[in-house]
Amino acid sequence: MATTVTPRERKVSADEAREVAEAAREHEWTAPSFVRDLFLGRLRLDLVHPYPEQDAEEIRRAQPFLEKLERFLRERVDSDRIDREGEIPETVIQGLRDLGAFGIKIPREYGGLGLSQLSYMRAIELVSSIDGSITALLSAHQSIGVPQPLKMFGSDEQKQRYFPRLAKGAISAFALTEPGVGSDPAAMETMAVPSEDGQAWILNGEKLWCTNGTKAELMVVMARTPSKMVNGKEKRQITAFIVETAWPGVKVEHRCHFMGLKAIYNGVISFKNVRVPRENVLWGEGKGLKLALITLNTGRLTLPISSVAAGKRCLEISRRWSSERVQWGRPIGKHDAIAQKIGAMAANTFAMEAVAELCGAMADRGGYDIRLEAAIAKLYNSEAGWRIIDDTVQIRGGRGYETADSLRARGERPVAVERIMRDFRINLIFEGSSEIMHLFIAREAVDKHLQVAGDVVLPGKTLGQRLRGILAQVRGVRAARAPRPGRGARGPAPGAGRVPRDGAVRTQARVPPGRAVPAGGRRSGAVRHGGRVRAGAVAAAARSRRGPPRRGPRRSVLSPGERAGARQVPRTAPQHGRPGLSGGPGSAGRGASVAGAGDGGAGVIVIRRHDATLHEKAPQSCNVASWRRATV
Ligand SMILES: Cc1cc2nc3c(=O)[nH]c(=O)nc-3n(C[C@H](O)[C@H](O)[C@H](O)COP(=O)(O)OP(=O)(O)OC[C@H]3O[C@@H](n4cnc5c(N)ncnc54)[C@H](O)[C@@H]3O)c2cc1C
């Protein structure tokens with residue numbers, strides 16, 4: 001076997017890894033974000049209320065497709081067989097092609113169905129309730145494979161060339177991971193260099209765990225291209241290419257097999273001197289990682305909705321079994337412990353659906369920056385979904401651990417809970433593992449603070465840079481204290497397309513550089529989040545966890561109208577009071593780790609705000625350690 005699965009020597013330092021990740025971030029917040037505002041202490045109800053309902057015409061157009069898809073899945077897909085044999089029958093794949101299921105979001109002018117993100121999510125929900133391997137096939141193709149980045153970043157010529165093929169069912173894949181590259185892409189070894197004639201790139205390397213890779217006609221391949229020198233410093237470049245698997249030099253080395261998703265077409269793919277035409281660069285040289293991150297902002301919404309499907313399916317199984325199964329003289333659902341589990345399952349499934357649908361609706365409506373919303377949806381739904389499945393196995397008892405085939409063979413209903421569990425587990429690992437989602441959310445949530453305090457707190461800064469940073473902030477505070485004519489207190493209207501105002505922010509480093517405070521080591525009383533306290537209800541909930549509520553103006557920071565509005569927000573209601581989902585004052589005392597991904601969190605910053613709109617004049621502050629424990 002020629003696959004290179006031994007990790008290579010790591011040549012990238014922690015600082016370099018962080019720099020690559022930072023460079024790939026979207027630095028601007030050009031559109032409003034509901035969650036970002038929460039982290040900044042503002043409850044922007046106008047961003048979610050009225051609820052961004054799906055367009056009626058779109059629902060009408062999607063309905064026939066969804067009905068056909070549901071019928072097809074019920075009548076033609078045998079998931080136990082797919083799991084047993086590790087193959088999706090070619091007739092099923094062709095049937096999906098005929099339905100248009102490979103081109104759900106591809107514009108109609110190119111032969112796709114031209115449906116919205118929410119319609120796509122409804123299709124994925126149907127598929128996920130039947131078979132995880134088929135979900136992987138369709139979503140690796142449409143969420144991260146060629147169609148989505150092509151739609152967002154492709155040139156007209158690229159769209160003309162590839163969309164019609166993709167819409168007809170040419171399967172596609174996304175190849176980023178390598179033996180030495182998992183969560184951290186900086187150590188990428190797959191390399192593309194310009195050909196001698198300058199007309200193409202010559203691609204060499206190997207990609208691991210490429211879903212659909214063993215069946216794909218087309219792939220988005222991420223590769224290093226020659227570094228650039230910026231201000232005398234080497235800047236690593238990662239570029240995205242559309243690669244056709246029929247081209248000479250592309251080879252499937254190995255098909256990978258896993259705990260679940262037995263029929264996923266996932267493999268090790270090698271590239272040996274593959275000539276990729278210049279026109280096949282997506283978006284631009286050096287923009288590959290940013291492309292991947294932006295694509296994932298919507299691509300990440302597939303897992304949240306498949307988690308909803310798993311939740312609903314498990315609820316159905318659990319409710320049925322807990323009313324049928326009698327132990328100790330009564331149905332097990334009448335025993336309190338089981339009833340509690342079912343109640344929590346129903347509530348969490350409702351919350352998961354609310355989170356997923358709101359994100360999908362925001363993506364469709366446009367004018368939002370949903371990077372935080374999508375990451376939270378991915379994190380929360382996959383973790384909550386996993387707990388629901390675990391409870392379902394428990395409720396089914398020994399039968400929960402038995403395979404469907406075995407149950408069938410001894411004459412019982414073949415309920416495949418153990419398969420659901422095996423298939424689901426990967427959702428906490430791919431498309432951003434839970435740990436990486438925590439870091440991503442924390443990084444984006446404190447972006448404004450880092451913009452202001454970055455030089456003071458980031459590792460690797462010299463004393464001079466830190467001092468200059470402090471001076472810059474003092475100047476910033478003075479400037480911000482000056483009256484700003486014509487600016488409202490609440491930031492821009494929805495879709496206004498400008499960055500919300502954040503008020504004055506002042507930082508104070510309490511811990512000398514290099515002196516680490518253990519995560520969670522500081523008590524929340526020492527450092528608390530301030531900012532405008534409009535989300536007072538959420539803040540009060542957070543305070544009640546830390547001790548008795550204080551008396552004084554904080555309790556009355558919401559006007560009666562705002563308070564009522566907070567309770568009226570449809571669908572997002574389950575998020576209230578959950579510190580990780582609410583952020584801002586609601587996450588007071590929990591804070592966020594701003595330390596880079598791998599540096600162990602050296603340094604804790606305290607951010608003080610003096611904002612004219614604060615109802616309480618005493619400065620409040622924000623702890624920035626161990627936020628992750630508060631999220632789910
Ligand atoms: C079934 C399957 C399908 C896949 N499909 C694709 C695909 O289509 N395309 C593709 O490119 N890739 C794909 N992958 C790869 C997948 O995205 C990676 O497995 C994932 O990114 C994690 O990388 P890793 O497994 O190397 O884990 P590592 O990055 O090595 O991480 C190992 C553990 O350490 C944690 N960790 C890492 N860094 C940190 C940190 N800074 N702080 C805290 N914890 C950290 C991780 O969360 C994880 O728990 C697939 C993988 C599988 C198993």
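Colleague: Okay, where does E431 lie?
Modeller: Helices (H or I, at least four residues) and strands (E, at least two) are DSSP runs, numbered from the N terminus. This is a predicted model, where local features need pLDDT of at least 70, side-chain atom pairs count only at pLDDT 80 or more, and totals for chains, interfaces and linings use all residues. Residues are numbered from 1 along each chain as its sequence is written, and side-chain values use heavy atoms, leaving out hydrogens and water. E431 sits in the loop between α16 (417–424) and α17 (434–445).

Colleague: Is E431 buried or exposed?
Modeller: Buried means under 20% relative accessible area, exposed over 50%, and partly exposed in between (1.4 Å probe, protein chains only). E431 has a relative accessible area of 15%, so it's buried.

Colleague: What is the phi of E431?
Modeller: Most residues other than glycine have a negative phi. E431 isn't a glycine, yet its phi is positive, at about 55°.

Colleague: N273 has a positive phi too, but which strand is it in?
Modeller: Phi of N273 is near 50°, and N273 isn't a glycine either. At 51% relative accessibility, it counts as exposed. Its strand, residues 266–277, is β7.

Colleague: Which peptide bond is cis, with omega near 5°?
Modeller: Most peptide bonds are trans. Look in the loop between α2 (34–39) and α3 (56–76), where you'll find P50. The cis bond runs from H49 to P50.

Colleague: How many of the 12 residues of α10 are buried?
Modeller: α10 covers residues 288–299. Its buried residues include L289, L291, A292 and I294. The rest of the structure largely encloses α10, because the buried count is 10.

Colleague: At what angle do α1 and α10 pack?
Modeller: Axes are lines fitted to C-alpha atoms, for helices over the stretch in contact, and angles run from 0 to 180 degrees between N-to-C directions. V20, A23 and A24 in α1 meet L289, K290 and L293 in α10, where contact means heavy atoms within 4.5 Å. The axes of α1 and α10 are 8 Å apart, and the angle is about 60°.
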